[in-house]
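I opened this notebook to keep track of what I looked up in the structure, entry by entry.

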Amino acid sequence: MPGGGGVQYEATRADGTTRAATLREGARYESGQRQWTVERGERVSVSGHAYTVRQICSYRVVLEPEAAEDRAELAASPSSMKPTGGSADGPLCFTTNRDVLDAAAKGFPPKGRPLSLLANGGVQRFPTGLAVTIAYADTAAGTAGLGANCAGIPVAKYDDVRVGDTVELAGVLFEVSELTEQAVRLTRTSD
């Protein structure tokens, strides 16, 4: 986040008319972190910076910075497109910069084509440090767990996804299209 802080998406709940998300302050989980519940349109403060909650989905919360300088910081070009590991790679891992998002997605198949991820703990690596793994594939339950890291920083975690669910990686949307004991297949649904 601008200013060096972080926020985590903990949980969501919906009652058919409204959806709320529980957020936790901090880039990584630590005991005693502040948690709070937000709804779409609500204004929140994270590490002294103001945001508006623009979207709450089962897989993400979109926080839009209110200050022009915070929006500019998130869209700034990194000094290098090569990851070095750790928090220095924030401009590669947490950005709205189109060049970075395009570079991160270069290894993805075109829209409508599948991306197969091995379910045996293999890691699929992409430019700019993005790595995607299948944590588990439970064919009896019809669910799988996916994790994504960017230069060693956790950037996405999807538990209990099913065929038909949507996941996002580096700004690209995929639908879970097949789940077997050997692999999880994601079909790209966005450009």
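This is a predicted model: local features need pLDDT of at least 70, side-chain atom pairs count only at pLDDT 80 or more; totals for chains, interfaces and linings use all residues.

Residues are numbered from 1 along each chain as its sequence is written, and side-chain values use heavy atoms, with hydrogens and water left out.

My search of the whole structure gave two aromatic pairs, where rings of Phe, Tyr and Trp (its six-membered ring) pair if their centres lie within 6.5 Å, and planes under 30 degrees apart count as stacked, over 60 as edge-to-face and the rest as tilted. Phe108 and Phe126 make an edge-to-face pair, with 4.7 Å from centre to centre and 65° between the planes. Phe108 lies in the loop between α3 and β7 and Phe126 in the loop between β8 (123-125) and β9, so this pair ties together parts that are 18 residues apart in sequence.

I then checked burial, taking buried as under 20% relative accessible area, exposed as over 50% and partly exposed as in between (1.4 Å probe, protein chains only). Phe108 counts as buried because its relative accessibility is 7%, and Phe126 is buried because its relative accessible area is 6%.

Phe108 also forms an edge-to-face pair with Phe174, at 5.1 Å centre to centre and 85° between the planes. This pair links distant parts of the chain, with Phe108 in the loop between α3 and β7 and Phe174 in strand β13, 66 residues apart.

**Core**

Which residues touch the most other members of the largest nonpolar core? I found them to be Phe108, Phe174 and Leu186, in a core of 23 residues; such a core is a set of buried Ala, Val, Leu, Ile, Met, Phe, Trp, Tyr and Cys residues joined through side-chain atoms within 4.5 Å. At least two residues of this core come from each of β7 (114-118), β9 (130-138), β10 (143-150), β11 (153-161), β12, β13 and β14 (183-188). The largest share, four residues, is supplied by β13. Apart from this core lies another, of 11 residues, among them Ala21, Val46, Val61 and Leu63.

I listed the contacts of Phe108 (heavy atoms within 4.5 Å) and, not counting residues up to four places away in sequence, I found Leu115, Phe126, Leu130, Leu169, Ala170, Val172, Phe174 and Arg188.

I next followed the strands and found an open sheet of four, in the order β7-β14-β13-β12, with antiparallel pairing; two strands pair if DSSP finds at least two bridges between them. β7 and β12 are the edge strands, each pairing on one side only.

β12 and β13 pair over four bridges in the antiparallel sense, and Val167 stands opposite Phe174. β13 and β14 are likewise antiparallel, over five bridges, and here the partner of Phe174 is Arg188, while Leu179 has Val184 as its bridge partner.

Ala170 is partly exposed, because its relative accessible area is 21%. Ser47 is another non-glycine residue with a positive phi, near 50°, and I placed it in the loop between β4 (43-46) and β5 (49-56). For background, most residues other than glycine have a negative phi.

Leaving aside neighbours within four places in sequence, Leu101 is in contact with Thr95, Thr96, Ala170 and Gly171.
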